[in-house]
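Please keep the viewer open as you read.

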Amino acid sequence: MQQKIIGYHQDELGDWVAELACHHGQHVRHKPPFVNRPWVVSVAGRKKMLNRVLNCVRCDRGEAANEQIKAKYCQKTEQG
Ligand SMILES: [Zn+2]
């Protein structure tokens, strides 16, 4: 399923993970020569890719949303 990139975070190894509109995460690694995503290593590049779509295999598999990503974008409007 095609999902928009709504943000990013880095995993414990420092690899970038795109946060998708469906609240799934997808690694967007730049590991030349096998995986070439030079845009991911710069702030400007990542900004440019915001709102672009990625194919989300987790949606296709019907996986539950990533709770951490979900929490990041679904924060309570009222402070306790
Ligand atoms: Zn998804």
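Gln2 is exposed, because 12 other C-beta atoms lie within 10 Å of its own. On this scale a residue is buried if 20 or more other C-beta atoms lie within 10 Å, exposed if 12 or fewer, and partly exposed in between, with the C-beta atoms placed from the backbone. Gln2 belongs to strand E1. Setting aside residues up to four places away in sequence, Gln2 touches Val53 and Asn55; a contact here means that the C-beta atoms, placed from the backbone, lie within 7 Å. Cys59 is 57 residues away from Gln2 along the chain, and their C-alpha atoms are separated by 8.8 Å.

Before going further, please note that this is a predicted model, in which local features need pLDDT of at least 70 and side-chain atom pairs count only at pLDDT 80 or more, while totals for chains, interfaces and linings use all residues. Residues are numbered from 1 along each chain as its sequence is written.

How confident is the predictor? The pLDDT, its confidence in each residue from 0 to 100, has a mean of 93 for the protein, and 94% of the residues reach 70 or more. Confidence is highest in helix H1 (residues 43-49), at a mean of 98, and lowest in helix H3 (residues 67-73), at 94.

The protein has three helices and four strands, in the order β-β-β-α-β-α-α from the N terminus. Both kinds of element are DSSP runs numbered from the N terminus: helices are H or I with at least four residues, and strands are E with at least two.

Now to the sheet. The four strands form an open sheet in the order E3-E2-E1-E4, with antiparallel pairing. Strand E3 (25-27) and strand E4 (53-55) are at the edges with a single partner strand each, so one side of each has no neighbour in the sheet. From one strand to the next, the twist averages 55 degrees, taken between N-to-C directions on a scale from 0 to 180 degrees, with axes fitted to C-alpha atoms. Two strands count as paired if DSSP finds at least two bridges between them.

| Residue | Stands opposite |
|---|---|
| Gln3 | Leu54 in E4 |
| Lys4 | Val53 in E4 |
| His9 | Val17 in E2 |

The hairpin of E1 and E2 has five residues between the strands, and there Gly14 takes a positive phi near 85 degrees.

Where does Asn66 sit? Asn66 is in the loop between helix H2 (57-61) and H3. With 18 other C-beta atoms within 10 Å, Asn66 is partly exposed. Leaving out neighbours within four places in sequence, Asn66 is in contact with His23, His24 and Gly25. From Asn66 to Gly25 the C-alpha atoms are 6.8 Å apart, although 41 residues separate the two in sequence.

Finally, the whole chain. Its C-alpha trace spans about 45 × 30 × 25 Å along the principal axes. Of the 80 residues in the protein, 11% are buried. Among contacts with a separation of 6 or more, 47% come from residues 24 or more positions apart.

How values were computed: pLDDT is the predictor's confidence in each residue, from 0 to 100. Two residues are in contact if their C-beta atoms, placed from the backbone, lie within 7 Å.
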